[in-house]
Amino acid sequence: MTDAVDVSPYDVVVIGAGPVGENVADRARAAGLSTAVVESELIGGECSYWACMPSKALLRPVVARADARRVPGLSAAAQGPLDVEAVLAHRDEMTSHWKDDGQVGWLESVGADIYRGTGRLSGPREVTVTAPDGTGHRLTARHAVAVCTGTRAVVPDLPGIAEARPWTSREATSAKEVPGRLVVVGGGVVGVEMATVWQALGAEVTLLIRGKGLLPKMEPFAGELVAGALEEAGARIRTGVSVTALERLAPDGPVTVVLDDGGRIEADEILFATGRAPRTEDLGLETVGLEPGSWLTVDDSCRVEGSDWLYGVGDVNHRALLTHQGKYQARIAGAAIAARAQQVPLLETDPWGAHAATADHAAVPQVVFTDPEAASVGLTLAEAEQAGHRVRAVDYDLASVAGSGLYADGYQGRARMIVDLDREILLGVTFVGPGIGELLHSATVAVAGEVPIDRLWHAVPAYPTISEVWLRLLETYRG
């Protein structure tokens, strides 16, 4: 490593300038704390350039066309193929063509100092930055160092993996052309969203799932409805299979996927969407008594256990690997850092307090932007029962709601709420169906606010909207 040539003191040093790091810096600066931000790639991070923004830009025309095909008077006009060139160009616009000038301007506007380069802990309250030109800086933190480095895609160590050059989520969201045949390994969110995109853009898609179905962290009916729609669109789904090896004999030739059941599949590209690992392997954790490559275990203020200055915020702490949840943690952590710097008492043990990321445990919302959409917040039925709650699952067919019939012909969907029978509040809600993503925040408010069932009865949904499913769920619960 290049020796640091200068020392710059700050109140707070943030490693990682994705949405999480940006928000920690913003909250620290708002509290009057001097703040440095270190970033080795693009300011704006994974979400802006290789995850949320490009994936949803690709999915939007896919879902809009699917919706249009179910509307009388419009369906005939929406039968043609998507304009692939226009879809990819829109994706490029939404990622600012992988340039971070706008994000840099925003971060500078809040008064944070930006250091380009690789940041590593070099001791307590100290970060050494190696710039791309080899020069070094040593940053010291009077109050806190916040690690906001996120995660990286995990690719399994298989025979032939190097020669096959598989896609990860980054390649899947930034590809410049449609592969003729695409194999997707993994049935989680990345797998089903990318299968949805590339199938709609013209690829022949095969999903390989080691388990029993798609979206295993959601209610079972979510994966079933999404799988049915993917298969109807032409995708092939195989469950209970694993990849044992890959073969790519020529750099520009096809890849052969070898399966544990003896089968072989030939494709033009293969995407592994099989999990994430923390980006902490080269962070200098060993200099502060932590294990390189490990997830950071934190309390509800996102402070690393056993430390009074080190914070792990966002995906790196493995609490809820979602951009919006990481930004929420950043607001909590920033407030806690400021309060500790100002020696203000914290309500650390108070759920839903200003310095406790309680939603990470009780009210994590997520939307899967497939066709149909799947959205959930809080606990599933299985999770609630495993946690020892006395609960009841209340289901309703979304197709029976007047607003759904107006939204689309042949509407298919389902809603479920998990009721805590002892407290008469909601522990979780799941919606699956076209156009239900925007329903989720009402469910999030109900779960996070622990709104009593009796009070929800007075939250009257407008007619005729899909939101009327709330009334139908409550009626079903009351019998």
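This is a short tour of a predicted model, stop by stop, with something to select at each one.

Residues are numbered from 1 along each chain as its sequence is written, and side-chain values use heavy atoms, with hydrogens and water left out. Because this is a predicted model, local features need pLDDT of at least 70 and side-chain atom pairs count only at pLDDT 80 or more, while totals for chains, interfaces and linings use all residues.

**Stop 1: the largest nonpolar core**

Start by selecting Trp-198, Val-205, Leu-207, Leu-214, Leu-215 and Leu-230. Of the 36 residues in the largest nonpolar core, these six touch the most other members. A nonpolar core here is a set of buried Ala, Val, Leu, Ile, Met, Phe, Trp, Tyr and Cys residues joined through side-chain atoms within 4.5 Å. Buried means under 20% relative accessible area, exposed means over 50%, and partly exposed is in between, with a 1.4 Å probe and protein chains only.

Now colour the elements that give two or more residues to this core: helix 3 (52-68), helix 4 (84-94), strand 8 (181-185), helix 8 (189-200), strand 9 (204-209) and helix 9 (220-233). Helices (H or I, at least four residues) and strands (E, at least two) are DSSP runs, numbered from the N terminus. Which of them gives the largest share of this core? That is helix 8, with 6 residues.

Zoom in on Trp-198. Not counting residues up to four places away in sequence, Trp-198 touches Leu-88, Trp-167, Ala-172, Ala-175, Glu-177, Val-178, Pro-179, Leu-182, Ala-203 and Val-205. Contact means heavy atoms within 4.5 Å.

There is also a second, separate core of 34 residues, which includes Ala-375, Met-417, Leu-426 and Ile-453.

**Stop 2: two helix pairs**

Select helix 3 and helix 4 together. Their axes come within 8 Å and cross at roughly 150°, and the crossing is right-handed. The axes are lines fitted to C-alpha atoms, for helices over the stretch in contact, and angles run from 0 to 180 degrees between N-to-C directions. A crossing is left-handed if the near helix is turned anticlockwise from the far one by less than a right angle, and right-handed if clockwise. Show side chains for Met-53, Pro-54, Ala-57, Leu-58 and Pro-61 in helix 3, which meet Val-87, Leu-88, His-90, Arg-91 and Met-94 in helix 4.

Next, select helix 1 (residues 19-30) and helix 10 (residues 323-341). The crossing of helix 1 and helix 10 is right-handed. On the helix 1 side, look for Pro-19, Val-20, Asn-23, Val-24 and Arg-27; the residues they meet in helix 10 include Thr-323, Gly-326 and Ile-337.

**Stop 3: helix 14**

Select residues 440-448. Which residues of helix 14 are buried? They are Leu-440, Ala-443, Thr-444, Ala-446 and Val-447. These cover an arc of only 165° around the axis, which puts them on the same side of helix 14; the arc is that of the directions from the helix axis to the C-beta atoms. An α-helix has 3.6 residues a turn, so residues three or four places apart point the same way.

Just after helix 14, Glu-450 takes a positive phi of about 50°.

**Stop 4: loops and backbone details**

Move to Pro-372, in the loop between strand 17 and strand 18. The peptide bond from Asp-371 to Pro-372 is cis, with omega near 5°. Another cis bond joins Tyr-463 and Pro-464, where omega is about -5°; Pro-464 sits in the loop between helix 15 and helix 16.

For positive phi in a residue other than glycine, pick His-97, near 55°. His-97 is in the loop between helix 4 and helix 5 (101-109) and counts as partly exposed at 42% relative accessibility.

Finish in the loop between helix 6 and helix 7, which holds both Arg-165 and Thr-168. Arg-165 has a positive phi near 50° and is partly exposed, with a relative accessible area of 44%. Is Thr-168 buried or exposed? Thr-168 is buried, at 14%. Leaving aside neighbours within four places in sequence, Thr-168 is in contact with Ala-153, Val-155, Leu-271 and Phe-272.
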